[in-house]
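Me: I'd like to learn how to read charged side chains in a model like this one. Can we go through it together?

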Amino acid sequence: MISEKMSQMLNEQYNKEVYSANLYLSMCSYFLDRDLDGFANYFKVQSQEELLHAEKQFDYIHEVDGKITMMAIDAPPVEFDSIEDCFEQTLAHEKLVTKSIYGLVKQALEEGDFATHTFLQWFITEQVEEEASVKALLMKLRMIGDNSSALYLLNDELLKRQLAPEA
Ligand code: FEO
């Protein structure tokens with residue numbers, strides 16, 4: 001059984017993961033409108049990963065007899081300035097999610113809730129990977145600049161991304 005405070009914080013995290021899924025699906029739509037199917041695929045898979053994160057948290061809250069409280073989910077932006085803007089917003093958003101996970105870890109340690117602390121380790125590793133992969137793509141985009149041939153090559157590369165089984 002987890003504390004009410006921990007349960008509430010995990011519910012808030014669940015909400016943030018679902019918001020993340022919607023944010024990345026909104027970016028997917030931005031790229032579909034521009035016929036950049038590889039970038040669209042990248043963000044669709046990103047969105048699917050976020051739903052899996054939310055599901056992991058939903059299942060855990062149940063497992064430890066916490067209470068699920070569905071909350072309203074903010075609407076994500078639907079307009080973006082550029083491809084680079086999408087990746088900059090993604091990186092900024094992932095940094096916020098990382099901070100939020102750290103807040104959960106801190107709370108778990110303060111409460112001596114070692115089960116939740118262990119559960120959260122997977123998310124810490126995941127955040128390191130997510131931030132690193134978005135940063136790497138942002139660097140590539142900056143190198144590409146307005147070279148459309150290089151941009152289409154990157155688009156083709158991103159078309160290959162698939163949902164990882166352990167996501
Ligand atoms: Fe679920 Fe991208 O953090």
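This is a predicted model: local features need pLDDT of at least 70, side-chain atom pairs count only at pLDDT 80 or more; totals for chains, interfaces and linings use all residues.

Me: What do Glu110 and Lys106 form, and how far apart are the closest N and O atoms?

Reply: In general, a salt bridge is a side-chain nitrogen of Lys or Arg within 4 Å of a carboxyl oxygen of Asp or Glu. Glu110 and Lys106 form one, with the closest N and O atoms 3.5 Å apart. The two sit four residues apart in helix α3, so about one helical turn separates them. Helices, by the way, are DSSP runs (H or I, at least four residues), strands are E runs of at least two, and both are numbered from the N terminus.

Me: Which side chain meets Lys140 in a salt bridge?

Reply: That's Glu157, at 3.1 Å from N to O. Lys140 lies in helix α4 and Glu157 in helix α5 (residues 148-158), so this pair ties together parts that are 17 residues apart in sequence. Lys140 counts as partly exposed at 32% relative accessibility, and Glu157 counts as partly exposed at 40%.

Me: Which residues do salt bridges with shared partners join into one network?

Reply: Glu84, Glu88 and Arg142. Take the link between Arg142 and Glu84: it's a salt bridge whose closest N and O atoms are 3.2 Å apart. Arg142 belongs to helix α4 (residues 114-144) and Glu84 to helix α3 (residues 83-111), so the bridge ties together parts 58 residues apart in sequence. Arg142 is partly exposed, with a relative accessible area of 42%, and Glu84 is partly exposed too, at 28%.

Me: How many salt bridges does a search of the whole structure find?

Reply: Five.

Me: Which side chain of opposite charge is nearest to Glu126?

Reply: For charge, Lys and Arg count as positive and Asp and Glu as negative, while His and the chain ends are not counted. The nearest one to Glu126 is Arg161, 6.7 Å away, and Glu126 is buried yet has no salt bridge. Glu126 is found in helix α4.

Me: With which side chain does Glu126 make a polar contact?

Reply: A polar contact is a pair of N or O atoms within 3.5 Å; within protein, one must be able to donate a hydrogen and the other to accept it, and residues adjacent in sequence count only if both atoms are side-chain atoms. The partner of Glu126 is the side chain of His53, at 3.2 Å.

Me: How many helices and strands does the chain have?

Reply: Five helices and zero strands, giving the pattern α-α-α-α-α along the sequence. The C-alpha trace spans about 55 × 25 × 25 Å along its principal axes. Of the 167 residues, 46% count as buried.

Methods
Residues are numbered from 1 along each chain as its sequence is written. Side-chain values use heavy atoms; hydrogens and water are left out. Buried means under 20% relative accessible area, exposed over 50%, partly exposed in between (1.4 Å probe, protein chains only).
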